[in-house]
Amino acid sequence: MNPIQFDLTFVVQLVSFLVLVYILRRFAWNPLMNMMEERRKRIETDLANAEKERQQAEQIKREYQEEMRKARQEAQEGIAKATKLSEQRAAEILASAHAEAEKIKQAALADIERERDLAIAQVQAQVADLSVAVAEKIIRQNLDIKLQEDMIEQFIQEVGVLPC
């Protein structure tokens, strides 16, 4: 027997296979390849869109973080400004209170000085009046030394009794 034999079955099988390949190529292969190409393009588009959306999300996140940083900074600046303003206002109020207290103190000291000067003037006037009165009595009575010493003693006691 000859190991290589060509018979009709082989030829029919070969022709059947070639017809099958032609039919598959004509009706199944191209649509299948087109479908695979469309799927590949859709996947590439989806991946590109996902990457674009990821980048947009990162950009939005960065913008949000920057906005938050600015808001925190503005809040801290506002707090610092308010604190500084309140400290200045407190210092102004304290200085005003000190000035007012000093003004009241000076007015009180001036009143005391006036009252003291008035009291001294009144005492001087009373002393002068009493001196005139004593001198008048002495002149009228023309008394001896003992009587004059008694009168002076009485005068001193009267001056001591007078309110100052």
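The dialogue below turns to salt bridges and then to a charged patch.

Modeller: This is a predicted model, in which local features need pLDDT of at least 70 and side-chain atom pairs count only at pLDDT 80 or more, while totals for chains, interfaces and linings use all residues. Residues are numbered from 1 along each chain as its sequence is written, and side-chain values use heavy atoms, with hydrogens and water left out.

Colleague: What is a salt bridge, and how many does the count come to?

Modeller: A salt bridge is a side-chain nitrogen of Lys or Arg within 4 Å of a carboxyl oxygen of Asp or Glu. By this rule there are nine salt bridges. One of them links Asp111 with Arg114 at 1.9 Å, N to O. Because Asp111 and Arg114 are three residues apart in helix α1, about one helical turn separates them. Helices here are DSSP runs (H or I, at least four residues), numbered from the N terminus.

Colleague: Which residues do salt bridges with shared partners join into one network?

Modeller: Glu37, Arg40 and Glu44 form that network. Arg40 meets Glu37 at 2.2 Å, N to O, and Glu44 at 2.5 Å, N to O. Within helix α1, Glu37 lies three residues from Arg40, about one turn of the helix; Arg40 and Glu44 are four residues apart, also about one turn.

Colleague: How exposed are Glu37, Arg40 and Glu44?

Modeller: Buried means under 20% relative accessible area, exposed over 50%, and partly exposed in between (1.4 Å probe, protein chains only). Glu37 is partly exposed at 30%, as is Arg40 at 38%. Glu44, with 45% relative accessibility, also counts as partly exposed.

Colleague: Which residues gather in a patch of negative charge on the surface?

Modeller: Patches are made of residues with over 30% relative accessible area and no salt bridge; like charges are joined within 9 Å, and nonpolar side chains (Val, Leu, Ile, Met, Phe, Trp, Tyr) within 5 Å. The negative patch consists of Glu63, Glu67, Glu74 and Glu77.

Colleague: Where is Glu74 placed, and is Glu74 buried or exposed?

Modeller: Glu74 lies in helix α1, which spans residues 8–141. Its relative accessible area is 53%, so Glu74 is exposed.

How values were computed:
Accessible areas come from the Shrake-Rupley method with a 1.4 Å probe; for residues, only the protein chains shown count as cover. Lys and Arg count as positive and Asp and Glu as negative; His and the chain ends are not counted. The place of a charge is taken as NZ of Lys, CZ of Arg, CG of Asp or CD of Glu. Helices (H or I, at least four residues) and strands (E, at least two) are DSSP runs, numbered from the N terminus.
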